[in-house]
Amino acid sequence: MGKVFRTLLTRGINGLIDEDEKYTNTLAVMFRIAREFYEQSYFIAFNKEGKKVIITDGNENIFGELDLTELNIPENIWLVTDDYSDELVCVAMLPEEY
């Protein structure tokens with residue numbers, strides 16, 4: 001049986017959702033991606049670059065890229081996952097909140 005995957009949002013991310021509720025669905029996709037790549041990196045950066053979102057480990061490793069029509073984010077968003085033995089806790093945040 002897999003570990004529970006708990007998601008948390010910072011104030012900055014909650015502010016984005018307050019401005020536009022469509023980001024709730026966008027974050028669901030981002031959390032799925034973070035869980036998928038957790039074994040490779042606990043840190044996943046979604047960097048908005050032009051008309052694309054580049055998904056990286058915050059360093060030089062690129063996990064993929066999506067068109068803004070597939071994953072529309074207003075700015076860069078980071079997801080950090082910690083392992084608490086019985087669950088994985090993933091926090092979505094703006095870079096300045098790290």
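Me: Is Thr 10 buried or exposed?
Reply: In this predicted model, Thr 10 sits in the loop between strand E1 (4–9) and helix H1 (11–19). The cut-off for a buried residue is under 20% relative accessible area. Thr 10 has 15% relative accessibility, so the residue counts as buried.

Me: Which side chain makes a polar contact of 2.5 Å with that of Thr 10?
Reply: Leaving aside neighbours within four places in sequence, Thr 10 is in contact with Val 91, Ala 92, Met 93, Leu 94 and Glu 97. The polar contact of 2.5 Å joins the side chain of Thr 10 to that of one of these residues, Glu 97.

Me: What is the C-alpha separation of Asn 14 and Met 93?
Reply: Asn 14 has its place in helix H1 and is partly exposed, with a relative accessible area of 33%. Along the chain, Asn 14 and Met 93 are 79 residues apart. Their C-alpha atoms are separated by 9.2 Å.

Me: How many helices and strands does the protein have, and what pattern do they follow?
Reply: The protein has two helices and six strands. Read along the sequence, the pattern is β-α-α-β-β-β-β-β.

Me: Which backbone nitrogen does the side chain of Thr 56 reach?
Reply: Thr 56 is found in strand E3 (residues 52–56). The residue is buried, with a relative accessible area of 6%. Its side chain reaches a backbone nitrogen at 2.9 Å, that of Gly 58.

Me: Which residues does Thr 56 touch, not counting those up to four places away in sequence?
Reply: Thr 56 is buried because its relative accessible area, 6%, is under 20%. With residues up to four places away in sequence not counted, the residues touched by Thr 56 are Phe 43, Ile 44, Ala 45, Asn 47, Asn 61, Ile 62 and Phe 63.

Me: Is Ile 77 buried or exposed?
Reply: Ile 77 is found in strand E5. Not counting residues up to four places away in sequence, Ile 77 touches Ile 13, Leu 16, Met 30, Ile 44, Ala 45, Phe 46, Met 93 and Leu 94. At 3% relative accessibility, Ile 77 counts as buried.

Me: What separates the C-alpha atoms of Ile 77 and Glu 97?
Reply: Glu 97 is the residue whose side chain joins that of Thr 10 in a polar contact. Ile 77 and Glu 97 are 20 residues apart along the chain. The separation of their C-alpha atoms is 10.0 Å.

Me: Where is Pro 74, and which residues does it touch beyond four places in sequence?
Reply: Pro 74 is found in the loop between strand E4 (62–67) and E5. Its relative accessible area of 31% makes Pro 74 partly exposed. Not counting residues up to four places away in sequence, Pro 74 touches Leu 16, Tyr 23 and Lys 48.

Me: How many Å apart in space are Pro 74 and Asn 47, C-alpha to C-alpha?
Reply: Asn 47 is among the residues touched by Thr 56. Pro 74 and Asn 47 are 27 residues apart in sequence. In space, C-alpha to C-alpha, they are 10.0 Å apart.

Me: What is phi of Ser 85 near?
Reply: Ser 85 is found in the loop between strand E5 (77–83) and strand E6 (87–93), and is exposed, with a relative accessible area of 61%. Its phi is a positive value in a residue other than glycine. Most residues other than glycine have a negative phi. For Ser 85, phi is near 60°.

Me: What radius of gyration does the protein have?
Reply: The C-alpha trace spans about 35 × 30 × 25 Å along its principal axes. With 98 residues, a compact globule would have a radius of gyration near 13 Å. The protein agrees with this, at 13 Å.

Me: How many positive and negative side chains are there, and how far apart are the centres of the two sets?
Reply: The protein has 9 positive and 19 negative side chains. The distance between the centres of the two sets is 4 Å.

Notes. Residues numbered from 1 in each chain as written. Predicted model: local features only at pLDDT ≥ 70, side-chain atom pairs only at ≥ 80, totals over all residues. Heavy atoms only, no water. Rg over C-alpha atoms; globule rule 2.2 N^0.38 Å. Lys, Arg positive; Asp, Glu negative; His and termini not counted. Charge placed at Lys NZ, Arg CZ, Asp CG, Glu CD. Buried < 20%, exposed > 50% of the residue type's maximum accessible area, 1.4 Å probe, protein only. Polar contact = N/O pair within 3.5 Å; in protein donor to acceptor, adjacent residues only side chain to side chain. Contact = heavy atoms within 4.5 Å.
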